Amino acid sequence: MLRFLLARLSGLILILLLVCVCTFAVFFVLSPDPAVQICGKNCTPELIDQIRANLGLDEPLLSQFLSFVGGLFAGRTYGAGDAATHCAAPCLGYSFQSSQPVWEMVTERLPVTVTVAIGAAVLWLLAGVVGGLISALKQGTWWDRGAMLVALSGLSIPNYVFALVLQYVLVVQLEWLPFPQAVGFAADPWQWFANYLMPWTVLAFAYASVYARLTRANVIDTLAENYVRTARAKGLPSHLVVRRHALRPALTPITTIFGMDFAGLLGGALITESVFGLNGVGKLTADAISSNDQPVIMGVTLLAAFFVVAGNVVVDLTYTALDPRVRVKSV
Amino acid sequence: MNRTVLVRLSMVATAAVLTLTACSSSGSSDSDSDDESSAGDGSAFTDTPAEGGTVQMLQNADFSYLDPARGWDGGVNNFYRLVYRTLTTSAPGNADDANAIVPDLATDLGTPSEDGLTWTFTLKDGVRFEDGTPITSADVKFGVSRAWDPEIGIGSPYARQVIDAPEGYEGPYRSGPLETIETPDEKTIVFHLKEPFPEFGSVVSQPNFVPFPEGSGAGDEFITGLIASGPYKLESYSPGSSIKLERNEEWDPETDDVREAYPDAWEFVIGLDPATIDERMLAGQGADVNAISGSVQPATLPRLQGPEMEDRTLRFTGVCTTYMGLNSTKPPLDDVRVRQAINYAVDKSAVQVASGGGQLADVATTILPPTVGGYRDYDIYPSEGHTGDAEAAQALLDEAGQSDGFSMVLDIRSQPKMQAQAEAIQQSLGNVGIDVELNVIDTSTFYETIGTPELQNDAAITGWCPDWASSASTFLPPLFDGRNITDRGNANLAQINDETVNARIDEITAMTDLDAANEEWGQLDEEIMELAPIVPLVVEGNITVPGENVTGLHSSPGVATGGIDLVLVGLRDPERG
């Protein structure tokens with residue numbers, strides 16, 4: 001087990017390094033000069049050079065990359081003499097646009113993203129798995145057809161459209177909910193819930209659709225297995241057949257995609273956060289990309305990669321718990 | 001929900017997603033503009049507000065910097081006036097001449113010496129920082145010297161351009177005090193200039209002339225904090241999300257003829273989706289009755305048509321000209337007749353429609369917009385209804401030996417509005433045999449491309465706004481002085497380098513009588529247009545729907561590039577919302 005964890009941990013670091021290299025290549029080497037954008041109006045070549053020097057862009061690319069990676073593990077010092085500022089590890093550098101430390105920008109926004117992700121995950125797991133299970137058990141009924149129709153629309157309506165429709169109906173027309181803002185749970189639990197309900201619903205709708213269809217298909221498949229027939233033939237009550245023999249194997253693939261989906265969401269729900277004006281990591285990413293703020297892009301990409309890789313490890317661990325066959329093989 | 005609502009919503013949705021990629025916050029030439037020409041019942045917007053309450057400002061992008069030596073664009077300059085004061089400043093939006101520059105911390109607009117090389121200002125009594133310490137001439141000197149710091153001084157360039165400084169001076173933190181600024185006593189400050197600059201009284205209105213206590217603001221101290229000299233101080237700042245301001249009790253209204261400061265507090269809600277901002281402003285629920293915002297999205301315009309919305313819609317005309325620069329180094333555009341022909345041929349009314357129609361944009365026939373000092377109305381390439389005169393254009397093309405037409409490449413940003421403008425131009429030039437190929441460039445690379453003569457193509461659509469509105473001196477020289485052409489960051493897109501124009505610029509810049517100078521700027525505008533280096537297209541205004549409880553809404557051409565002048569805004573009923 002320990003060896004398994006260690007192998008996974010070193011894999012994680014390797015993947016993060018690779019992500020570093022790729023992101024750096026795409027955003028530092030191939031993308032336009034951010035100094036020109038920052039320079040703006042009444043720009044002069046001298047000012048561009050000055051900004052390039054401030055941002056460290058006048059250094060050779062390799063040394064830029066090495067100091068970035070060095071900063072991640074050991075921190076780095078910017079400027080010299082009185083004007084020097086130290087950025088402690090893990091240092092992600094400073095935003096080109098606002099000069100704020102990227103680490104702070106990301107960690108300040110993480111709570112919003114985590115709140116959005118957890119709330120949405122609870123909703124979509126409940127709706128998806130329960131909905132899919134009922135559909136599978138009542139295959140072909142009006143419930144099954146209706147639920148699958150809803151699931152299909154969840155898959156096919158782009159979530160920014162759904163978000164705006166929902167906002168228009170619930171907030172503008174009916175005035176049931178406020179325009180979402182990131183309210184802290186401690187400040188006012190009810191407002192917290194009311195403000196996050198729409199973002200949760202919008203995100204959960206699309207995911208729940210996938211989960212419902214997947215659960216339904218898996219359960220139907222397992223119910224057709226021989227051992228299920230055997231269990232029924234032994235006279236096991238129907239609810240036990242479903243719970244012990246059908247649901248558990250049907251849920252293992254769900255665990256896999258859930259781990260991936262949830263980890264991916266922790267890297268930021270770009271569209272949902274942007275549409276609802278929630279300043280999470282996703283909104284930060286969208287803003288950074290449109291303003292070509294390279295250190296911030298690096299930071300959020302690394303964060304997202306970290307969550308996805310870490311999510312994978314957790315999924316693998318859960319798998320061993322859920323599926324005895326994997327346990328035997330991996331140890 | 002009926003079908004039209006759905007269609008409309010999906011349009012809003014598309015616009016929302018498009019704008020996610022279309023907003024660049026830097027101080028470039030995007031138009032964010034207006035002046036006193038409101039639709040609907042104008043008086044409701046300009047009532048005198050009551051004292052108290054909190055005004056909210058809903059916006060998409062965060063301000064560039066809290067530090068006035070770093071930040072310098074239409075949005076943040078307006079914000080700075082709430083928290084900072086400078087020696088002089090733009091007149092308040094409700095002044096008789098809103099373009100004028102008026103005294104702020106100083107008692108007057110400064111006194112030049114006989115040779116124009118030395119300017120002396122005297123500070124008013126009773127001006128203080130938020131901690132109660134009096135603001136002295138040393139604080140002003142320290143504040144402006146920060147403009148020379150290579151890391152901090154990336155804002156307004158005028159201080160460095162105009163004030164004499166020792167060779168290699170790098171701001172107070174690296175090089176010590178700036179010796180060329182004298183402070184004979186606590187109230188008097190003397191600037192020494194490189195060359196006479198008659199509008200120096202306007203230069204000291206720039207944000208980097210904000211005073212700061214000696215030694216403050218090193219490193220990133222002013223990245224998330226500030227030291228207020230204006231009527232408000234920072235209560236809290238969470239970057240990208242919100243800025244809250246509260247009253248600065250040390251600010252004495254007796255010393256300030258510009259700021260009314262009616263509300264007790266301000267809250268800037270940042271990071272909202274533009275479509276959501278419009279929804280909130282239209283719905284006006286709860287505390288949103290106390291909110292203002294920037295210009296509405298084009299997709300929202302149709303919803304402002306009803307009689308019920310008409311009274312709530314506030315329209316300001318712009319201070320920025322959107323134009324097409326013609327690169328005069330590329331044949332056949334090096335022939336003035338060809339450039340004139342293009343000026344005749346472009347259907348500006350179609351460009352106006354593409355810019356959001358008459359509600360949002362006025363056709364431009366001059367370089368200067370009407371809201372900038374020196375503006376003179378003329379049209380030397382006239383056509384009926386501004387739809388273009390293909391015959392006159394063809395005649396000039398024939399004369400230039402271009403009867404068969406030619407093809408040219410037009411650089412534009414990947415932004416729906418600009419693409420629509422470019423297509424209107426493409427179509428009208430197609431009528432005279434000029435084949436326009438649109439080169440759509442990502443916003444992040446656009447300014448690099450058009451500002452680098454080596455990369456620039458035949459033509460580009462962009463815009464320009466003045467840095468102060470009292471004269472054309474920050475409008476015509478940067479765009480048309482041939483001696484300012486640089487290999488990067490170039491603003492003279494036409495690369496026009498005409499000796500007569502250059503000489504005229506020198507002549508007018510040296511004039512000490514502002515009115516006489518403005519008269520001449522207006523003349524020069526037309527003289528330049530005879531060379532047809534650009535095609536003025538439209539002056540884009542803005543339309544906002546302020547919350548019902550907000551009033552005192554005046555535009556300021558100078559400080560807000562025509563937007564709502566924040567220092568005059570307040571609430572009708574502070575108890576509401």
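Student: What should I know before I start clicking around?

Tutor: The model is predicted, so to speak of local features we need pLDDT of at least 70, and side-chain atom pairs count only at pLDDT 80 or more, while totals for chains, interfaces and linings use all residues. Residues are numbered from 1 along each chain as its sequence is written, and chains are lettered from A, with ligands numbered from 1, in the order in which they are written.

Student: How many helices and strands does chain A have?

Tutor: Helices (H or I, at least four residues) and strands (E, at least two) are DSSP runs, numbered from the N terminus. Chain A has 14 helices and two strands. Its C-alpha atoms fill a box of roughly 85 × 60 × 35 Å along the principal axes.

Student: Which helix of chain A gives the most to the side that touches chain B?

Tutor: Contact here means that C-beta atoms, placed from the backbone, lie within 7 Å. On that basis, 45 residues of chain A meet 51 residues of chain B. Several helices of chain A supply at least two residues each, including α5 (102–137) and α7 (159–173). The top contributor is α7(A), with eight residues.

Student: And what about the sheet in chain B?

Tutor: Two strands pair if DSSP finds at least two bridges between them. Chain B has an open, mixed sheet of six strands, ordered β14-β18-β13-β17-β15-β16. At the edges sit β14 (361–363) and β16 (434–441) of chain B, each pairing on one side only. Ignoring direction, neighbouring strands are turned by 30° against each other on average.

Student: How many bridges join β14(B) to β18 of chain B?

Tutor: Three, and the two strands run antiparallel. Look for B:Asp362, which stands opposite B:Val539 in β18(B).

Student: What angle do α15 and α16 of chain B make where they pack?

Tutor: Axes are lines fitted to C-alpha atoms, for helices over the stretch in contact, and angles run from 0 to 180 degrees between N-to-C directions. For α15 (499–509) and α16 (514–530) of chain B, the angle is about 170°, with axes 10 Å apart. Angles over 145 degrees count as roughly antiparallel, so α15(B) is roughly antiparallel to α16(B).

Student: Which residues of α15(B) meet α16(B)?

Tutor: B:Val501, B:Arg504 and B:Ile508 do, and their partners in α16(B) include B:Trp521 and B:Leu524.

Methods
Two residues are in contact if their C-beta atoms, placed from the backbone, lie within 7 Å. Angles under 35 degrees count as roughly parallel, over 145 as roughly antiparallel, 65 to 115 as roughly perpendicular and the rest as oblique.
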